[in-house]
Structures are given as C-alpha cells and as structure tokens.
Amino acid sequence: MEIKQTEQLCRLVFGGKFGLERETLRVTPQGYLSQTPHPFPGNPHIDRDFCESQIEIISPICTTISELYRAVECIDRETKEGLKKLNPPEYLWPFSNPPYVPSEAEIPVAKYAGELHHKEVYRNYLAEKYGKRKMLFCGIHFNYSYSDEFIRAAMATCGVTDEKAFKNILYLQLSEKIEQYSWLPVFLTAASPVYDGSLFADNDCGEDGFAGESSVRSGERGYWNDFVPIIDYQDMEHYTDSIDRYVKSGQLYSPSEWYTPVRIKPRGENSLEALRENGANHIELRMLDINPLSHIGILQEDLYFLHLFLVYLTFCGSLQFGEVEQIAAVASHKQSAQYDAEH
C-alpha cells in the first residue's frame, strides 16, 4: 500500500499526536549511582525503569512538538526540584552512559510487590542475562501517531473502509522504513562517546573510556539481543506471531526483550494480545541518546527533525524488508554509531 501525495494529505500529515519518555539516572553529589528508593511513588509522569535509581519521565499526549517540549520541561523541573529537597540532595546524570559504578552490587534492581511483582522478576532475568551495567544505558523514546483526519483522508484516497486494517498496514510499513533508516537519527543525534571505565570492568572505575563510538548504547557493545530476530511485516497477525514465536521458543523472555529501534504500540496495555485485538495506535522511536547540551536531554530542533523524518517515510514507496534486509539494517544502525563516519 502506497500513500499518494495529494495536497490534502500533505497538509494533514503534519498533524498528529506526540509523546516522549526519557530515562535518566539519579546520582549523589559525588557522582555515584543513588542507592535510595524511587522518590516519586504514584506520580504518573515520573516513574522508574530497570533500577530504583533510573528515573523515567513520561509526557502527556500532545498535539504539537512545541507543546510536547514545554510539557517535558515542566516534568523535568518538577523532578529536579524534588531531588534537590532530598537529604542529601540528588541530581540527574545528563548522559546516556552511566556514571561511576564500582560493582554490580551497587545497582539496585527496581522493586515491585503484589500484582506487579512480575516486573521485578523480569528485571532480575535481564540482569542475569545481559548484566546490570548494560541495563543502565539511558535514552529517549519518541512516540508518534497520525491524526484521525489524516487517517480518514488517506483511507478515502486509497479506497479503504476498514480503519483498523488500514492503520495496521500503515504503521507496519512505517516501522519497516524506520528500521531500514534508523541509522540516520543515530548518526545525527548520537551523544555518548565517552564512558567511565567501570561500565565494562570493576577495576577501571574513574578511568576515561572511548572506543571509537559516538553512541555506545547504539553501537556493537550496546543494547542488543544476542541474535537478530527476523520479523514478518506482511500484516499484524504475522507480525505479532513472528515476535511470539521467539518468546515461545525461549529465545526472548517476553516481547519487551526484542531490542529494536522502533516498536508498534496498541492503545492501552502494551501487549501482543492488545496489538492483535485492538490494532496499531502509535509508533515509538527508541534510538535517541540523552543530549547533555540540552537542559531536558533533547533539543526541540531534533524533535522537529524526527517528525519530518516520519512524514518523509510516510510517502516513501514500500521497501523490501526480508531477512537479509533486516540483518543489514541492524548492521547499519551499529555502524552509524561509529565516531568517525569514514569508517
């Protein structure tokens, strides 16, 4: 399915809904990982991720990039002010790579009780399989959905009446294109070339590390599965079944363990069952580093670029994206994280 560039669609495609999630580590005044419990329990916009000291701020759904940026600024300010009131005060580490981590024993896995205890079990599984240090990499997730007006106009242009099926194909095709071109946002926004030696060795705490990467988390030593999952994008049933196959075989603990630069999300609960039943609702880009030169970790200009990137891909023709192309896309993504583009 190809979306034709009519005057109406070219105007409507710039609408949509936007969201942002930003992971950051809490640190002590000395620059070490905080050992205190999550200080914002119950706050829907300030959560935690892998460990107790990994803050995740979650924006509301916004209708413009400027509105999104202001919302993130407000949550970021609330977070920093709350951390300053702690005794002793804490701070947000402004990099994707973690601070001094003398040993994995100093990385407190997030605690969950009752109905949410499965989240703690999953995090302990990740710690055992990948190591706690790798789970400390932080980044930014950019969420986007087309506007209802664009969806209706595009359906009319394509002569389609089934909205759920149309949105599924639209987001599946967009996901394929993002996967193939994910190297471009990495190449343009990578911002974590230097790391502390303790990221890879206990005895190197305090030693500067640089291995030729502009983004460690997106490079060869970053956050990847130990194999390349091959996904079937022909329709939502095949897409979800291909992910589920790796879970049932034991290669992945859950769909969340598929470390891909982009994910298709349903409305409400994020699960394969919801995706099958309710269909695609939005798309999530997951390849962005924390930018230490921005007070909130990302420049507004980069958010505008990401939106334009998605608009461009929307009108690109369909691309072949089988096993060979998927393996090549992962290799290109890792290669784009090299500091010297000539190599």
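The talk below takes some labels and sets each against its cut-off.

Reply: Start with a caution: this is a predicted model.

Me: Why is Pro185 called buried?

Reply: Buried means under 20% relative accessible area. Pro185 has 0% relative accessibility, so Pro185 counts as buried. Pro185 sits in helix α6, residues 183-189.

Me: What does Pro185 touch?

Reply: Leave out residues up to four places away in sequence. Then Pro185 touches Ala190, Met287, Phe305, Leu306 and Phe309. Take Phe309: Pro185 and Phe309 are 124 residues apart in sequence, but their C-alpha atoms are 8.7 Å apart in space.

Me: And Pro266, what makes that one buried?

Reply: The cut-off is under 20%. Pro266 has 2% relative accessibility, so Pro266 counts as buried. Pro266 lies in the loop between β8 (262-265) and α8 (272-278).

Me: Which residues does Pro266 touch?

Reply: Residues up to four places away in sequence are not counted. Pro266 touches Ser271, Ala274, Leu275, Gly279, Asn281 and His282. The C-alpha atoms of Pro266 and Arg276 are separated by 8.6 Å, and these two are ten residues apart along the chain.

Me: Is Pro88 buried or exposed, and why?

Reply: Exposed means over 50%. Pro88 has 52% relative accessibility, so Pro88 counts as exposed. Pro88 is in the loop between α2 and β4 (91-93).

Me: How do you know that the peptide bond from Asn87 to Pro88 is cis?

Reply: Look at omega. For the bond from Asn87 to Pro88, omega is near 0°, and the bond is cis.

Me: Why is Ile327 called partly exposed?

Reply: Buried ends at 20% and exposed begins over 50%, with partly exposed in between. Ile327 has a relative accessible area of 41%, so Ile327 is partly exposed. Ile327 is in helix α10, residues 323-336. Ile327 touches Val228 and Ile230, not counting residues up to four places away in sequence. Ile327 and Pro229 are 98 residues apart in sequence and 8.7 Å apart in space, C-alpha to C-alpha.

Me: Which residues make the contact of α2 and α9?

Reply: Helix α2 brings Ile65, Ser66, Leu68 and Tyr69, and helix α9 brings Gln300, Leu303, Tyr304 and His307. By class, the contact has five nonpolar, three polar and no charged residues.

Me: What makes α4 and α5 roughly perpendicular?

Reply: The range is 65 to 115 degrees. Helix α4 (residues 148-158) and helix α5 (residues 163-181) pack at about 95°, with axes 11 Å apart. The angle lies in the range, so α4 and α5 are roughly perpendicular. Phe150, Ile151, Ala154, Met155 and Cys158 of α4 meet Glu163, Phe166, Lys167 and Leu170 of α5. Seven of these are nonpolar, none is polar and two are charged.

Me: How do α5 and α9 pack?

Reply: They pack at an angle of about 120°, with their axes 10 Å apart. The crossing of α5 and α9 is right-handed. Leu174, Lys177, Ile178 and Tyr181 of α5 meet Phe309, Leu310, Leu313 and Thr314 of α9. The contact divides into six nonpolar, one polar and one charged.

Me: Which residues touch the most other members of the largest nonpolar core?

Reply: Phe142, Phe150 and Tyr239 do, in a core of 81 residues. Helix α2 (residues 65-84) gives the most to this core, seven residues.

Me: What does Phe150 touch?

Reply: Again, residues up to four places away in sequence are left out. Phe150 touches Ile3, Leu9, Leu12, Val13, Leu170, Thr314 and Phe315. In soluble globular proteins, nonpolar side chains tend to be buried together.

Conventions:
Residues numbered from 1 in each chain as written. Predicted model: local features only at pLDDT ≥ 70, side-chain atom pairs only at ≥ 80, totals over all residues. Heavy atoms only, no water. Core = buried A, V, L, I, M, F, W, Y, C linked by side-chain atoms within 4.5 Å. Buried < 20%, exposed > 50% of the residue type's maximum accessible area, 1.4 Å probe, protein only. Helix = DSSP H or I, 4+ residues; strand = E, 2+ residues; numbered from the N terminus. Contact = heavy atoms within 4.5 Å. Nonpolar A, V, L, I, M, F, W, Y, C, P; charged D, E, K, R; others polar. Axes fitted to C-alpha atoms, helices over the stretch in contact; angles between N-to-C directions. Parallel < 35°, antiparallel > 145°, perpendicular 65-115°, else oblique. Left-handed = near helix turned anticlockwise from the far one by under 90°.
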